[in-house]
Amino acid sequence: MTKKEKNILEQALYKATLMELRKKEAMKNDKSKNARKMAEGAAAWAQAVESLFRQLLPKEAEERLKDLKKEAANTFELEKG
């Protein structure tokens with residue numbers, strides 16, 4: 001896997017994790033069926049990207065996954081205020 005491909009995959013994981021956090025927060029404020037489906041979809045997308053990440057980068061996956069998820073959580077907290 002090239003460095004560019006690795007970077008694209010890391011960005012996809014970061015964005016998916018951030019989207020999952022945003023949708024979960026939105027679901028807390030809006031209890032509608034649509035909000036729940038959006039949150040479930042975001043979670044499924046994040047899980048799929050994480051699975052792909054683990055398959056393509058098995059050596060460094062666990063540590064990098066933790067770093068990217070922590071980075072996404074920090075960004076989310078800063079956005080939230």
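Guide: Let's begin with two helices: H1 and H3 pack at an angle of about 45°, with their axes 9 Å apart. This is a predicted model, where local features need pLDDT of at least 70, side-chain atom pairs count only at pLDDT 80 or more, and totals for chains, interfaces and linings use all residues. Residues are numbered from 1 along each chain as its sequence is written, and side-chain values use heavy atoms, leaving out hydrogens and water.

Visitor: Why is H1 called oblique to H3?

Guide: Angles under 35 degrees count as roughly parallel, over 145 as roughly antiparallel, 65 to 115 as roughly perpendicular and the rest as oblique. The angle here is about 45°, so H1 is oblique to H3.

Visitor: Which residues does Leu-18 touch, not counting those up to four places away in sequence?

Guide: Leu-18 touches Ala-72, Thr-75, Phe-76 and Glu-79; contact means heavy atoms within 4.5 Å.

Visitor: What makes Lys-6 partly exposed?

Guide: Buried means under 20% relative accessible area, exposed over 50%, and partly exposed in between (1.4 Å probe, protein chains only). Lys-6 has a relative accessible area of 26%, so Lys-6 is partly exposed. Lys-6 lies in helix H1, and, leaving aside neighbours within four places in sequence, Lys-6 is in contact with Met-1, Leu-57 and Glu-60.

Visitor: How far apart are the C-alpha atoms of Lys-6 and Phe-53?

Guide: They are separated by 8.9 Å, while the two residues are 47 residues apart along the chain.

Conventions. Helices (H or I, at least four residues) and strands (E, at least two) are DSSP runs, numbered from the N terminus. Axes are lines fitted to C-alpha atoms, for helices over the stretch in contact, and angles run from 0 to 180 degrees between N-to-C directions.
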